Amino acid sequence: MENCAKKYLITTYGCQMNLHESEKLAGILTSMGYESTSKENEADVIVFNTCCIRENAEDRAEGNIGALKQLKKKNKNLIIAVGGCMTQQKGEAEKLHKKFPFIDIIFGTHNLENFKELLLEKISSKKSILAVMEKEGEIIEGTPRFRTSFPNAWVNIAYGCNNFCSYCIVPYVRGRERSRKFSDVVAECKELIKQGYKEITLLGQNVNSYGNDTKEADFSDLLNEIASIEGDFRLRYMTNHPKDLSEKLALTIKNNPKICKSIHLPLQAGSNNVLKNMNRKYTQEDYLNKVELLRKHVPDIAITTDIMVGFPGETDEDFNETVSVVKKVNFSGAFTFIYSRRKGTPADKMPNQIPPEISKKRIIELINLQNSINRKDSKNYLGKTVQILCEGFDEKKKLYLGRDEYGRMAYFNGNNQDLGNFVCVKITKTGGISLYGEKI
Ligand code: SAH
Ligand code: SF4
Ligand code: F3S
C-alpha cells in the first residue's frame, strides 16, 4: 500500500542550538502526522531554519530559498516556511516577504513553539503569514522533539544571551538569557538516559552563566546533578564564556568521570585592545589564567576555541597576539572566522573595517598554525587505546566512526552492533585531525 502520509523537509543553518530547534520543529510536524523526507519534490512542507551570525550564512539560505520558486510553481500545495535567527532581525520578515513572495510562513525564533498553529492557519487561509514576535516570552516546556543525533541528545539549559559582544547579532535575535528550570533539565536528561542515549550535550550561548537569572543553582550544580544519574553515558556542554568560568567548574569536571574532559572556550582574539573593543570583558592574561586553572585540576583537558580575524581596527600586532595565544594554549581544535559586519551591532559602526584581503591572509595563517598543532597532537595518539562512542558509519571510508571524550574523531572497522555503544579502539594511524584504529 502506498504511504500517503504528508512529508516534511527541514534545512538547518547555524549552530547546535538551531539543530536542536529543528528537532523541535520536526517533533511538532511528527505530532501532526507528517513524516520526514530528504527529497524536495516529495515534500508537502519545506522549512528553512536560518542563521544570521555571518553574512555567508544568510546568503546560503537566501540562495536555497530562491531556488524553490520553480518547485512552488509546479506544486501549488507546497508550503514553504522560513524561521530562525535571520527572520528575527528587525525588518527582515517584510524584506524576505517582498523578495520571495512565494514563502508561505515567516516566523521568528520566539514563535517556534507556535509552529503547529501557524501551519494550520496557513493550510486553511492561503494568505502568507508573517509571525515574528519582537520580544521573548516565558520558556515553553513540553514541545515534542524528534531527535536526529542518536546516540547524542541535545538538551537546552538556557536561551538567549546577555553579553552583547560588539560584533554579535545573537542577543538581538535570541533575546535575553533565560535559564530553564533545574528540575526540567534534570528530568529531560533522566528520560533520555532511560531511552538509551549515551551522550548528552547541554546547550546555551553561555552555559556557565546558567542560573544567574533564576538563582536556583549554578552550572556546576547542574552538571553534578546530571552526572549523578545512573547509567553509562557522557556529558558535554557548550559554549562557555571565559569570564564566567569558575574553579568550581574545573573541580566539577575533575570529580565526575561522566563529564568529558573537554571544553569549548572561545578566545575570539588575543589582543587586549581588540578584546576590549569586542566587549568580551576579559584580557589575554585572564584567558590564559583560566586555561591554567582548568589544567591545574584537569591536566589532560582538551580545550577548543573560536577565533575571529579582521575585527575593526585589528592591526598586524593585534593579530600576532592571537597567534601567540594559540601557540601558548595548544588548542585541541579551533573554529576560525573572518569578522562579518552585522547591522544593528556596535562593531558595524566602528572605523577601520579591515579589507577582506588582509582578513583572508590572517585566517590562512591561523588555520595553518592550528593544523600543525592538530597534526602533532594526533601523533601523540599513536599506539594508544581510546574509548569511542560509535555514532555512525562513513560511507566513503567504509569505516565506523565516533569520538573519544576529548572530542577526537576516530575511524575503525566495526559492525552495526557498535552503533550507539562505547568501543575500545587502538590508534594505528593518523591523518590530520582524524585518527584511525582497530577495535580491541
Ligand atoms: N555564544 C557563543 C558563540 C556564538 S556564535 C560564544 O559566545 O562563544 C559562534 C561564533 O561565531 C562566535 O564564537 C564567534 O567566533 C563567531 N561570530 C559571532 N559573530 C560573528 C561575526 N559578526 N562575524 C564573524 N564571526 C562571528
Ligand atoms: Fe554572541 Fe558574545 Fe553572546 Fe556568544 S557571548 S552569543 S559571541 S554576544
Ligand atoms: Fe545560532 Fe546562527 Fe542563531 S549561530 S543562535 S543560528 S545566528
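In the predicted model, ligand 3 is surrounded by Cys15, Asn18, Cys51, Cys52, Ile53, Cys85, Arg174 and Gln205. Classified by residue type, this shell comprises five nonpolar residues, two polar residues and one charged residue.

An open sheet is formed by three strands in the order β7-β10-β11, with parallel pairing. Strands β7 (152-156) and β11 (234-238) are the edge strands, each pairing on one side only. Strand β10 (residues 199-203) is joined to β11 by five bridges, and the two run parallel; glutamate 199 stands opposite arginine 234 of β11. Helix α8 (residues 182-194) packs on this sheet and touches β7 and β10. The direction of helix α8 makes about 170° with that of β7.

The salt-bridge count comes to 27. Glutamate 188 and arginine 145 meet through their side chains in one such bridge, with an N to O distance of 3.6 Å. Because glutamate 188 lies in helix α8 and arginine 145 in the loop between β6 (129-131) and β7, the pair ties together parts that are 43 residues apart in sequence. Glutamate 188 is buried, at 11% relative accessibility, whereas arginine 145 is partly exposed at 24%. Glutamate 188 also forms a salt bridge with arginine 180, the closest N and O atoms being 2.7 Å apart; arginine 180 is buried, with a relative accessibility of 2%. Through shared partners, salt bridges join Glu141, Arg145, Arg147, Arg180 and Glu188 into one network.

A further salt bridge links lysine 39 and glutamate 42, with the closest N and O atoms 3.7 Å apart. Lysine 39 is partly exposed, at 47% relative accessible area, and glutamate 42 is partly exposed at 37%.

Definitions and conventions: Residues numbered from 1 in each chain as written. Chains lettered and ligands numbered in written order. Predicted model: local features only at pLDDT ≥ 70, side-chain atom pairs only at ≥ 80, totals over all residues. Heavy atoms only, no water. Pairing = 2+ DSSP bridges. Helix = DSSP H or I, 4+ residues; strand = E, 2+ residues; numbered from the N terminus. Contact = heavy atoms within 4.5 Å. Axes fitted to C-alpha atoms, helices over the stretch in contact; angles between N-to-C directions. Near = heavy atom within 4 Å. Nonpolar A, V, L, I, M, F, W, Y, C, P; charged D, E, K, R; others polar. Salt bridge = Lys/Arg side-chain N within 4 Å of Asp/Glu carboxyl O. Buried < 20%, exposed > 50% of the residue type's maximum accessible area, 1.4 Å probe, protein only.
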